[in-house]
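Please take a look at the chain below before reading on.

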Amino acid sequence: MKKKYVCVLIIGGMLFLSACSLRSDAADLYKKENPLEVDITVPDVISTDEPFIVQAVLSRADVKIESADFVHFEILKQDGSFRLPMEEATSIKDGLYEMELYLDEDGLYYLDVHAGFRGSIVNPRQQFIVGELTESELEALKNGTVADQELPSKHH
């Protein structure tokens, strides 16, 4: 009787373990993420009192996004003394979005791009310089990008 019991246990255990084997295509069964990517461009030299253009190219899996749900640009000065609220960027072509800006104060600024497409939302930040920097701005530049929580900001 004990031999039958042991035999049933072994067969049952083998059946149980074989049911738990890993499928070779298991990774293909899960949703694969294709995050929204943003490539931001600002001019290398920006002077006060002269208009300039900032651009963002949106893509997903190397395909340009021409009809994003939204693309907004927001400008913040490093010391918090200036904020240009979010404004909708203009769609040019092939996933290129841009906006013409005009800043009348020298300083260290940040361009925040708020973009969304089919449920994927990104908010990259690009640092740029207008004119000459003060000593405190040079020090901030040497120390790296200011953390988001240190800049006054609003969510949309």
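What follows is a short report on this predicted model.

## Confidence

The protein chain has a mean pLDDT of 84. Of its residues, 81% reach 70 or more. Where pLDDT is low, predicted coordinates should not be read in detail.

## Overall layout

The protein chain holds 2 helices and 10 strands. Read from the N terminus, the order is α-β-β-β-β-β-β-β-β-β-β-α.

Among contacts with a separation of 6 or more, 63% are between residues 24 or more positions apart. The chain has 156 residues, and 31% of them count as buried. Its accessible surface comes to about 10,800 Å². Carbon and sulfur atoms account for 53% of that surface.

## A nonpolar patch

Tyr5, Val6, Leu9, Ile10 and Met14 make a nonpolar surface patch of about 550 Å². Tyr5 sits in helix α1, which spans residues 2–19. Is Tyr5 buried or exposed? Its relative accessible area is 57%, so Tyr5 is exposed, the cut-off being over 50%.

## Salt bridges

How many salt bridges does a search of the whole structure find? The search finds 3.

Glu74 pairs with Arg83, and their closest N and O atoms are 2.8 Å apart. Glu74 is buried, with a relative accessible area of 4%. Arg83 is partly exposed at 26%.

Lys77 and Glu105 form another salt bridge, also given as 2.8 Å from N to O. This pair links distant parts of the chain, 28 residues apart. Lys77 lies in strand β4 (residues 70–77). Glu105 lies in the loop between β7 (96–101) and β8 (107–117). Lys77 counts as buried, at 5% relative accessibility. Glu105 is partly exposed, with a relative accessible area of 40%.

Asp112 and Arg125 meet in a salt bridge at 2.7 Å, N to O. Asp112 belongs to strand β8 and Arg125 to strand β10 (residues 125–130), so the bridge ties together parts that are 13 residues apart in sequence. Asp112 is buried, at 4% relative accessibility. Arg125 is partly exposed, at 22%. The cut-off for buried is under 20%, which is why Arg125 does not count as buried.

## Around Glu74 and His114

Glu74 is in strand β4. Besides its salt bridge to Arg83, Glu74 has a polar contact of 2.8 Å with the side chain of His114. Leaving aside neighbours within four places in sequence, the contacts of Glu74 include Leu84, Pro85, Met86, Tyr110 and Leu111. Asp112 is also in contact with Glu74, and Asp112 is itself the partner of Arg125 in a salt bridge.

His114 is in strand β8. His114 is buried, with a relative accessible area of 6%. Glu74 is buried too, at 4%. Their polar contact therefore joins two residues that are both under the 20% cut-off.

## Pro43 in its loop

Pro43 lies in the loop between β1 (36–41) and β2 (52–60). Pro43 is partly exposed, at 28% relative accessibility. Residues up to four places away in sequence aside, Pro43 touches Phe52 and Ile53.

How far is Pro43 from Ile129, C-alpha to C-alpha? The separation is 9.3 Å. Along the chain, Pro43 and Ile129 are 86 residues apart.

Definitions and conventions: Residues numbered from 1 in each chain as written. Predicted model: local features only at pLDDT ≥ 70, side-chain atom pairs only at ≥ 80, totals over all residues. Heavy atoms only, no water. Patch = residues over 30% accessible without salt bridge, like charges linked within 9 Å, V, L, I, M, F, W, Y side chains within 5 Å. Areas by Shrake-Rupley, 256 points an atom, 1.4 Å probe, with all protein chains shown as cover. Salt bridge = Lys/Arg side-chain N within 4 Å of Asp/Glu carboxyl O. Helix = DSSP H or I, 4+ residues; strand = E, 2+ residues; numbered from the N terminus. Buried < 20%, exposed > 50% of the residue type's maximum accessible area, 1.4 Å probe, protein only. pLDDT = per-residue confidence, 0-100. Contact = heavy atoms within 4.5 Å. Polar contact = N/O pair within 3.5 Å; in protein donor to acceptor, adjacent residues only side chain to side chain.
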